Amino acid sequence: MEDTGFEIRSTDPSFLDRIRAHLAGYEATEAELADVATYLFSVIPGEDRRLPGGMVARGLHSVYAQGMRIYHGPDPEAMVGSLLHMMRSLALDYLDEFVRIRGGSVAVNGGGLLLATAEDRPETAALVAMLLRRDAAYLGDEISLIDPVLRRLPPSPLPVLVDVAAASLVPGIGPGGAPSRSGRATPGRYAVAPEALGSRSADPTPLRWVVFPSFEPGSRTILEPAGGAGAVFGLSRACVNLDVWEDRGLMMFRELAEGAALSRLVIGSLEEAADLLIESAPALSGT
C-alpha cells in the first residue's frame, strides 16, 4: 500500500482509536503523504437517544469516501469494516505488480489454497473465516495476490472483512442476529483479526491448490477434480487486472494449471465446504 495514502477525519476522536487498532504500522505523517495519491475519508458517528418510555433509538453512523457515502447504519463495527474495505479496494488498484485474483486464500498443509471466483460473493470471506477456525492460516479474503515470478501468495495486511449479510454463518462474528433491513441502512463488513479466529497470518506461501467454488445453497456439497483447460478459463475470469497482464497472465495461468492441484467445489453449506476442504487438502508442500 506504499503508493496510496488515506486521510481519516472523524467528529468523534475515539473512532480513530478504533480504526487505528487495525492499521498498526501504517500511520504516516503529512510530509510522507505529500507525494502519493491521497483519499479523504470522513466519519460521522451517530449518538444513541433515549426516548420516552425508556426505549433507545440507536444512532446512525456514516462513512464518506471522497464525499461519497459508503456506510450508513447503526452498527459501529460494520462501519469500521466498511471503511477498511474501501481503503483496501482503493489501495489494490495500485498493486499491478501482482496478478490480482477475485477470491480468498489460506495456507494449509504447507501450501497456498486459492478459492478463485468469477464474481464478487459475500460468502467468500465467511468461508475463509471458517477455514481459519480449522487451523488454516490467513492470506486473503475477497481478493488474493499472486507474485508472478515466485508464484507465491503474499498475506493481506488487513483483517478478514466478513460481509454483514454472511456474518451470521460464522459463529462469534458480529453482534449476532439478522442484519438490519432498515431502508436507511447500508450493509457493512466486520473486521476480524485472524487471531480472533484462533489462527494467524501466513508467510508468503507458494500456490499449490486452486479451487473454483460455486455457491448453490441447499445443494449437496461436492469437491471434484477440475480440468486444466477449464482452470485457465476460470483463473482468467477471476483475474481482476488481466487487462494489465494480458498474454503474460494467460501464460502464468497455464503454468499454474499444469503444476497445481485443481478442484471444483459445489457449496451447498459453507460449514460443510470448510470441513471438506480441510479434510481433502493434499500435501501442498512440494518443491
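Entry one. I worked on a predicted model, in which local features need pLDDT of at least 70 and side-chain atom pairs count only at pLDDT 80 or more, while totals for chains, interfaces and linings use all residues. Residues are numbered from 1 along each chain as its sequence is written, and side-chain values use heavy atoms, with hydrogens and water left out.

Entry two. I then followed the strand that holds Val106, which is β8 (residues 105-108); strands here are DSSP runs of E with at least two residues, helices are runs of H or I with at least four, and both are numbered from the N terminus. β8 pairs with β10 (residues 137-140) in the antiparallel sense over three bridges, where pairing requires that DSSP finds at least two bridges between the strands. Four bridges join β8 to β9 (residues 111-115), again antiparallel, and Ser105 has Leu114 in β9 as its bridge partner. β8 and β9 form a hairpin with two residues between them, and Asn109 in the turn has a positive phi of about 55°.

Entry four. I turned to the open, mixed sheet of four strands, whose order is β1-β2-β5-β6. β1 (4-10) and β6 (68-73) stand at the edges with a single partner strand each, so one side of each is left without a neighbour in the sheet. β5 (residues 61-65) runs antiparallel to β6 and is joined to it by five bridges, and I noted Arg69 in β6 as the bridge partner of Tyr64.

I looked up how α1 (residues 13-20) packs against α3 (residues 76-92), and found an angle of about 60° with the axes 11 Å apart (axes are lines fitted to C-alpha atoms, for helices over the stretch in contact, and angles run from 0 to 180 degrees between N-to-C directions). Phe15, Arg18 and Ile19 in α1 meet residues of α3 including Met79, Val80 and Leu83, contact meaning heavy atoms within 4.5 Å. α1 also lies across β1 and β2 (37-44), running at about 145° to β1.

Definitions and conventions
Buried means under 20% relative accessible area, exposed over 50%, partly exposed in between (1.4 Å probe, protein chains only).
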